[in-house]
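Have the model open while you read.

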Amino acid sequence: MKINSIFKTWGEEIISYLTRIFEISINNTQIPKSWKNAIIVPIFKSGSKSQVSNYRPVSLTSVVCKQMEHLIADYLREEWNKTGWLHKNQHGFRNGFSCESQIISLSQDIADALDVGMTVDAIVIDFSKAFDLVPHDILIKKLSTSGIDKRVVLWIREFLFNRTQSVRIDSMFSEETDITSGVAQGSVLGPLLFLAYINDLPQHICSNIRLFADDCVIYRIIHDNEDKIVLQKDLDKIHDWVVENEMKINAEKSKIISFNRSRKRELRSYHLNSFIIPEKDTVKYLGITLSSDLNWATHVTNTTRKAWKSLNFIKRILKNGSNVETKSLAYTSLIRPVLEYASAAWDPYKKRQINELQRIQRKALKFINLGGNHNNLLAIESLEVRRKRARLGCLFKAVKNEPAWRDIQERIGVPFRIGRNDHLFKIKMRKQKTDVGKFSFVNRTIRDWNSMPVSVAEALPATVSSLNIKEYLRNN
């Protein structure tokens, strides 16, 4: 019987035995050898399938060990949340943080600068094989200064050292080899350990920096040539950190983008270790296409192209013999997530772009045979409405002052006057000069928030109502 089946069948009965094993493991800093063996399954990313570098190595490890890793990971998160040890702009692999919170915070910083005529220079930095290059000894030193129990540090050291792996392709296995560096992709602890490793990167950097695990963007408002010099010095510091920490940056895949409203573009020249970073009018960060004028047209085009491709694939596969439920499930699982990924950040306001996205849903509903008048959620709720609700949900988190949304919360204020027909959670409108500012996430969503009916505002969840938002906003 496989171990997964044992857990499902005898879960409660074996809890006491697992507890005892875990206690012995943490107290004696001992880990069974079988817990340290990994089977590597190569997962294709993109590009040529004949290139080994285009595959991501995912580790299949002991299921029992993963249960122990969950306990250690929960402890680390709890301790680091108490002390605020992880950098505030690290949004990867943290509860409550997401790609959406990172993109919205970044794009709002840029939109506010563009609205007052400023220029923002940004560099998206590409780390090469970051998870695989982490030196174990340096990682352990960093963990020992993070304020966690010494036993946990020693257990993680034992977990990392003397590991082995073999590669599986179909039913064929390679010979076992020793793992001398890296945190396992596919393990529970791996991502969290990488956050600990890269956590000190933002130190001593003057410019803004945002991280999502190893996805890094550094940016700065450019008033004059002095700001360009400061940004270049920060890039030099990042390079020094990379050398000191035995990591690698792919300067060719790193990109410069200069955000501004001017039609006359000034070429930028930033470098990493003497290599001139290429400048682009659009860059991809966390799967979102950012344009130099912060117009979302390119991203909408890319999104619709990808969604059409998925829809045509589903129509070919499910053309014959599939019922409405199967087709609906295929749409909600494979197509709508493409159309709505981080949509609160890039929700378009131009009618043409809105229609481009909605047209895909109309075609999908026609294929599903729901029809425009069918009494079904898919048929009656437009993507535009769903994006609006997503934006309101994100603003709601900022109002609650959740850690990931504090950059947005800082832009929220209380109006001087609340009218007779206004709800008590009304937010002060912000002044804006351009469409970039007017239709940025905060300004646009505040308008929608303030226009909520009183009955809707008063029905906000108790966990938020208990904060007494009106009083909270007045005091903050």
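Q: Why is K400 called partly exposed?
A: The relative accessibility of K400 is 27%. Buried means under 20% relative accessible area, exposed means over 50%, and partly exposed is in between, using a 1.4 Å probe and protein chains only. So K400, at 27%, counts as partly exposed. Before we go on, please note that this is a predicted model, where local features need pLDDT of at least 70, side-chain atom pairs count only at pLDDT 80 or more, and totals for chains, interfaces and linings use all residues. Residues are numbered from 1 along each chain as its sequence is written, and side-chain values use heavy atoms, with hydrogens and water left out.

Q: What makes E402 and K400 a salt bridge?
A: Their closest N and O atoms are 2.9 Å apart. E402 is partly exposed, at 22% relative accessibility.

Q: How many salt bridges does this rule give?
A: The count comes to 23 salt bridges. One of them joins D347 and R444, with the closest N and O atoms 3.6 Å apart. D347 lies in the loop between α12 (343-346) and α13, and R444 in helix α18 (residues 441-450), so this pair ties together parts that are 97 residues apart in sequence. Helices here are DSSP runs of H or I with at least four residues, numbered from the N terminus.

Q: How do you know whether D347 and R444 are buried or exposed?
A: Compare each value with the cut-offs. D347 has a relative accessible area of 5%, so D347 is buried. R444 has 12% relative accessibility and therefore counts as buried too.

Q: Why is R352 called exposed, but E356 partly exposed?
A: R352 is at 55% relative accessibility, so the label is exposed. E356 is at 22%, so the label is partly exposed. R352 and E356 also form a salt bridge, with their closest N and O atoms 2.7 Å apart. They are 4 residues apart in helix α13, which means about one helical turn separates them.

Q: What makes W155 and F159 a stacked aromatic pair?
A: Rings of Phe, Tyr and Trp (its six-membered ring) pair if their centres lie within 6.5 Å; planes under 30 degrees apart count as stacked, over 60 as edge-to-face and the rest as tilted. For W155 and F159, the centres are 5.4 Å apart and the planes 10 degrees apart, and the pair is stacked. Both residues lie in helix α7 (residues 150-160), and both are buried.

Notes: Helices (H or I, at least four residues) and strands (E, at least two) are DSSP runs, numbered from the N terminus. A salt bridge is a side-chain nitrogen of Lys or Arg within 4 Å of a carboxyl oxygen of Asp or Glu.
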